[in-house]
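Subject: Structure handover

Hello,

Here is the structure for your files. My notes on it follow below.

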Amino acid sequence: MISEIDRCARCGFCEAVCPTYNAVRMRHMGPRGRLQMARAVLDGGVSSRYVVESLATCLRCRACELVCPASIRIVDAIVEARKRLYARA
């Protein structure tokens, strides 16, 4: 999953269609930021309130995946990171 996350070119197309990013305009609340948070969790990195908030607020609508030119399974990465994060708690 980390190699898939690393395919992100940071183009930002996903942010334009993300309802949570468009509501708050904070990078960690959009797909791009969430992918980086998911990468940190999947890589065994530290978790913080910021990370939990970021991953927990994804609506899983998959709008981001429809516009991702790299066809990254963004929601699957977020869901996997959530599972790991919650398993640690």
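Contact here means heavy atoms within 4.5 Å. Helices are DSSP runs (H or I, at least four residues), numbered from the N terminus. Buried means under 20% relative accessible area, exposed over 50%, and partly exposed in between, with a 1.4 Å probe and protein chains only.

This is a predicted model, in which local features need pLDDT of at least 70 and side-chain atom pairs count only at pLDDT 80 or more, while totals for chains, interfaces and linings use all residues. Residues are numbered from 1 along each chain as its sequence is written, and side-chain values use heavy atoms, with hydrogens and water left out.

Helix α4

The helix α4 (31-42) has 12 residues and spans 16 Å from its first C-alpha to its last, close to the expected 16 Å at 1.5 Å a residue. The expected span is 1.5 Å times one less than the number of residues. Nine of the 12 residues of α4 are buried, so the helix is largely enclosed by the rest of the structure. The buried ones are P31, R32, G33, R34, L35, M37, A38, V41 and L42. They pack against α1 (2-5), α2 (13-17), α3, α5, α6 (63-67) and α7. Just after α4, G44 has a positive phi of about 85 degrees.

With neighbours within four places in sequence left aside, L35 is in contact with I5, C8, I72, I74 and A77.

In α5, the residues V51, S54 and L55 are buried. They lie on the same side of α5, because they cover an arc of only 90 degrees around the axis; the arc is that of the directions from the helix axis to the C-beta atoms. The buried residues of α5 pack against α4 and α7.

H28 sits in the loop between α3 (19-24) and α4, and counts as buried because its relative accessibility is 6%. Its side chain makes a polar contact with the side chain of E53 at 2.9 Å. A polar contact is a pair of N or O atoms within 3.5 Å; within protein, one must be able to donate a hydrogen and the other to accept it, and residues adjacent in sequence count only if both atoms are side-chain atoms. Beyond four places in sequence, H28 is in contact with G33, R34, M37, Y50, E53 and S54.

R84 is in helix α7 and is partly exposed at 39% relative accessibility. Not counting residues up to four places away in sequence, R84 touches V41 and L42. The C-alpha atoms of R84 and A38 are separated by 9.5 Å, with the two residues 46 apart along the chain.

Cysteines

With a disulfide taken as a pair of cysteine sulfur atoms within 2.5 Å, the count is zero. The closest cysteine sulfur to that of C11 is in C14, 6.0 Å away, which is too far for a bond. C18 is in no disulfide either, and the nearest cysteine sulfur, that of C61, is 6.3 Å away. C11 is partly exposed, with a relative accessible area of 39%, whereas C18 is buried at 7%.

Regards

How values were computed:
Helices (H or I, at least four residues) and strands (E, at least two) are DSSP runs, numbered from the N terminus.
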